[in-house]
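Here is a short briefing on a two-chain model. Please keep the structure open while reading.

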Amino acid sequence: MSSFLVISIILVYLAVIFYVAYWAEKNSKSRWVNNPYIYTLSLAVYCTAWTYYGSVGLAATSGLKFLTIYLGPIIIIPTWVILMRKIIRISKGNKISTLADFISLRYGNDRFLGALVTLVCVLAIVPYISLQLKAISETFNVITKHHISAISILDDTTFYIAILLAIFAAFFGTQHTDASERHKGIITAIALESVIKLVFFLVIGIYVTFYLFNGPADIYNKASVLPNFEAQQTIDGLNGGLNWFLLSLLSMVAIVLLPRQFQVTVIENEREKYLKKVIWLFPLYLLLFNVFVIFIAWAGNVVFQNQQVDADLFTLLLPLNNNNEFLALLVFLGGFSAAISMVVISSLALATMLSNNLIIPYGFLKRFSKSESAENTESIKNIRRISIFTLIIIAYFFYKSFTLDRSLVSIGLISFVLIAQLAPAFFGGLLWRRGSSKGAKYGIFAGFIITVYTLLFPFAIDSQLIASSFVNEGLFGIHILKPYELFGLQIFEPVTHAFFWSLIFNVFIYSLVSVSKLGSYRERNFAEMFVDSTKYAALQEGAYVWKGEAYVRDIKNVLTRFLGESRTERALNLFYMKYDIDKKIQVADARLVNFSEKLLTGSIGSASARILIASVVKEEEISLTEVLNILDETQKAKESNKELKERDKQKDEFLDTVAHELKTPITSIRALSEILLADDEIDNDTKKKFLTSIVSESERVSRLITNILDLEKLATGKEKLDLNEHSIKNTILKSIDPFRQLAVNKGIKINLIEIDDAVVVYDEDRIQQVIVNLLSNAFKFSNEINGEVKISAHINQNKVEITVEDNGKGIAQDELISIFNKFYQSKNQTLIKPIGSGLGLAISKQIIESHNGKIWAENSLPQGARLTFTLPLNRN
Amino acid sequence: MKKILIVDDEPNIVMSLEYIFKKENFQVYIARDGEEAIEIVENTIPDIILLDIMMPNVDGYQVLNYLKNSETLKKIKVIFLSAKNKASDIELGLQLGADKYISKPFAVKNLVKEVKELLNKK
């Protein structure tokens, strides 16, 4: 295919991507831009050109080992609903914009730590970016059949593509000064590219498997007769298994900590609930991507056996070998889109880190604190733009000037191991409150040095073909210092070996330093907020402990320099409203200090934000215990506030019901009286009927009032119980007496079964009131024909149990508990409303509970309701 | 003769309303709860309903909802007559489509006036 044609297609493709990003940025509220699918697809930036070509290369030479890179994420992603949610919540709450910011804030806005993390990331990722550029350039040469790489930069297509990518990332990546804002244009474009690369890869997989061969079985049969096949496809015993395990662990760490993954997963997350889609959709995406890898690899081994062909390029060479230029072009575009997604997101994430965690905190703070806001925002954006360009151009020259002859996979894995050095500080910081900034720094240093010694040095020596005894003999010829077999450890391959030792040292030193020396109060404060994020999230600014002297005016000045007059005003107004603070107050409190730091964090990073705010306030040292005490108190105040509100609400509801219940009889009284007053011709019988009703409704009102007062007195404990020894049998008999006549009238049988007697300490009037309440309920609800009410008293261990049972319809299952609520009236009542305040059982419950007894309702067989209460026996 | 349906679970309130509207020459129907009310409405389409809200089983809101969902019944005038008289209760009642909301306890004269006015309105 001619270079001109391919370049034209690349330009059209890039134009489409630019347009999509532009459209998404304009329509940033559209549903097409804001949905869990776009979010999930953007995570697939994990699949780079390395996946496209390197996986196949690795599969061709080492069998199934390529799977570990995807196995780790597939295994770990389902836990994200908890872990990633926590990370996202903390990041959003603190306006964190990069991984470096996250770690630096956790350890008390540590400026040096943020810079260290940034440096590790840059060192790890820049070669990785050059790898992508290399992939673009190589595949471009293959497809256009250029066999010599361009000599002059100005003749190199890759150089221009790199520049275009830098423009893209710089333009869409710096729309807002606040880097914690979402970049919807870029993310939508990346999501589209994720679809393209997957579809094209599936197309080529199907083509190779089913068109060039007759399905997977055919490829297997032909590949399995090749030499070395058996050895490649096995895990190779315990050693191999350990290698597998460590590689999977490495990729689990990478899927969270790679700067581009942190960017798309955490910073670009719009809603937490999107994670629920991610946990199944993203593993599915990775699985789909890997279905055909092994078949393409085997097919390449079969087709190109005995030929000197780079296995990394099998995906491209297979269609070309069959003169299918169109399919080869699709593969090229798929790989191209995988590469540019990675370049764009990585350079954006790294540029933000560079500006917010290295350049601004170390170089520009003084200047910023003097300039005007418009100037400052422009400077911040320019720093990021220049960083993006610099990163991509350095990556380009890195690829140009070093012969990166090693396969794509090994360079990718080296950057994984470097990034993994941040894992102890990151995960330790999330889960362990003792983890300190000193520990984090020394841990990262140690891990980094081990990685350099065991992986970077020997790798560089090998790849540049420099003759050296270092690799084979060890440093100074000391055998236990052999870089690939440190301390005589021989079971691992170089990458897993380096990962193993670096992480062991890193974790060990991180823990040791953290345990042996306490961090400052500030980092302990943030440690509490990160580790116990759910507990403190509700407190927001209140979770931050700060003591000192600060004036609103000074803080406002700092904010204005970065946000401008109107945004500062708006933000502060919101703050005042949220906490109900008087605007005229001149002295700033901890909440305002923290709020302002957060406001600035998005624009200039947490360390700089802290330094700037600290420059206008006078901070006092607080002891650790004080920090923890204040946190605890704030937490408690918040909780008791919630309880108060709940109690208020219940009180309101109770008063509403009381009002309603009182108004009902008064309505009858008023209506009937008005009729009597206005109507002179009313006959005597009606008059009498009306007056009787008025009297009974008046009685109802007074009964209600008595009951309500009773209930209140009992509930608030204002009434002292008149506790004395009584015979429970006597009390029961006394309570029954008034019902005997009623029983005869209504034809209801009273059945006293087994009344055990006991002397118990209680308030007799009150207990009598309970028994009367239960009896009148039983009378009300017992069967109209053959009505029967049973009463019994049993001594059961250390309590006496009194039961009142009727043979009515019983109580609906869902009402067994609610009948004890105030004003609850059963659904099973007969049409005519029984006389009662709706408070009888509520009062009974209150009385029994103040005697330390229990009361409950159940249904008895075959029919009827059974209400039981207990009183404790006093055994002094 | 205009037909009025009184829906309330309080016997004494029903008794007073029945007397008042018989005196005003209405044909009076009585329901003790929502279910009974719907049954009566279906059989004899009344001109106006005085509807209590807090009743066992089917409450006043549900009755109103039932009426408003039927082409033939939705034109019946409905007055909520309830002891719930917070502003939010009244607003909710009117939003659901009641023509008036009168709080308990009510003044007899005023109630009669409101009923007549509503019936005269087209």
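Of the 876 residues in chain A, 46% are buried. The model is predicted. Chain A holds 35 helices and nine strands. In chain A, 82% of the contacts between residues at least 6 apart in sequence join residues at least 24 apart.

- Chain B has 122 residues, and 41% of them are buried.
- Five helices and five strands make up its secondary structure. Along the sequence of chain B they follow the pattern β-α-β-α-β-α-β-α-β-α.
- For chain B, 58% of the contacts between residues at least 6 apart in sequence link residues at least 24 apart.
- The contact between the chains draws 20 residues from chain B and 19 residues from chain A.
- On the side of chain B that touches chain A, helix α1 (residues 11–23) of chain B gives the most, with seven residues.
- That side of chain B consists of twelve nonpolar, three polar and five charged residues.

**A covered helix in chain A**

- Helix α6 (residues 99–106) of chain A is mostly covered, with eight of its eight residues buried.
- The buried residues of α6(A) are A:Leu99, A:Ala100, A:Asp101, A:Phe102, A:Ile103, A:Ser104, A:Leu105 and A:Arg106.

**A helix pair in chain A**

- Which way do α9(A) and α16(A) lie to each other? The axes of helix α9 (residues 184–212) and helix α16 (residues 314–321) of chain A cross at roughly 50°, so the two helices are oblique to each other.
- Their axes come within 11 Å. The crossing of α9(A) and α16(A) is left-handed.
- From α9(A), A:Ile204, A:Tyr207, A:Val208 and A:Leu212 meet A:Thr315, A:Leu318 and A:Pro319 of α16(A).
- By class, the residues of this contact are six nonpolar, one polar and no charged.
- A helix has 3.6 residues a turn, so residues three or four places apart point the same way.

- A:Val558 sits in helix α26 (residues 552–563) of chain A.
- Is A:Val558 buried or exposed? A:Val558 is buried, because 21 other C-beta atoms lie within 10 Å, and the cut-off is 20 or more.
- Leaving out residues up to four places away in sequence, A:Val558 touches A:Leu612, A:Ile613 and A:Val616.
- A:Thr568 is ten residues from A:Val558 in sequence. Their C-alpha atoms are 9.5 Å apart in space.

**The five-stranded sheet of chain A**

- Five strands of chain A form an open sheet with mixed pairing, in the order β4-β6-β7-β9-β8.
- Its edge strands are β4 (749–755) and β8 (855–859) of chain A, and each pairs on one side only.
- From one strand to the next, the twist averages 15°.
- Strand β7 (residues 799–806) and strand β9 (residues 865–872) of chain A pair in the antiparallel sense over seven bridges.
- Within β9(A), A:Leu867 stands opposite A:Val804.
- Helix α32 (residues 728–736) of chain A packs on the sheet and touches β4, β6 (788–796) and β7 of chain A. The direction of α32(A) makes about 165° with that of β6(A).

Methods. Residues are numbered from 1 along each chain as its sequence is written. Chains are lettered from A and ligands numbered from 1 in the order in which they are written. This is a predicted model: local features need pLDDT of at least 70, side-chain atom pairs count only at pLDDT 80 or more; totals for chains, interfaces and linings use all residues. Helices (H or I, at least four residues) and strands (E, at least two) are DSSP runs, numbered from the N terminus. A residue is buried if 20 or more other C-beta atoms lie within 10 Å of its own, exposed if 12 or fewer, and partly exposed in between; C-beta atoms are placed from the backbone. Two residues are in contact if their C-beta atoms, placed from the backbone, lie within 7 Å. Ala, Val, Leu, Ile, Met, Phe, Trp, Tyr, Cys and Pro count as nonpolar, Asp, Glu, Lys and Arg as charged, and the others, Gly among them, as polar. Axes are lines fitted to C-alpha atoms, for helices over the stretch in contact, and angles run from 0 to 180 degrees between N-to-C directions. Angles under 35 degrees count as roughly parallel, over 145 as roughly antiparallel, 65 to 115 as roughly perpendicular and the rest as oblique. A crossing is left-handed if the near helix is turned anticlockwise from the far one by less than a right angle, and right-handed if clockwise. Two strands pair if DSSP finds at least two bridges between them.
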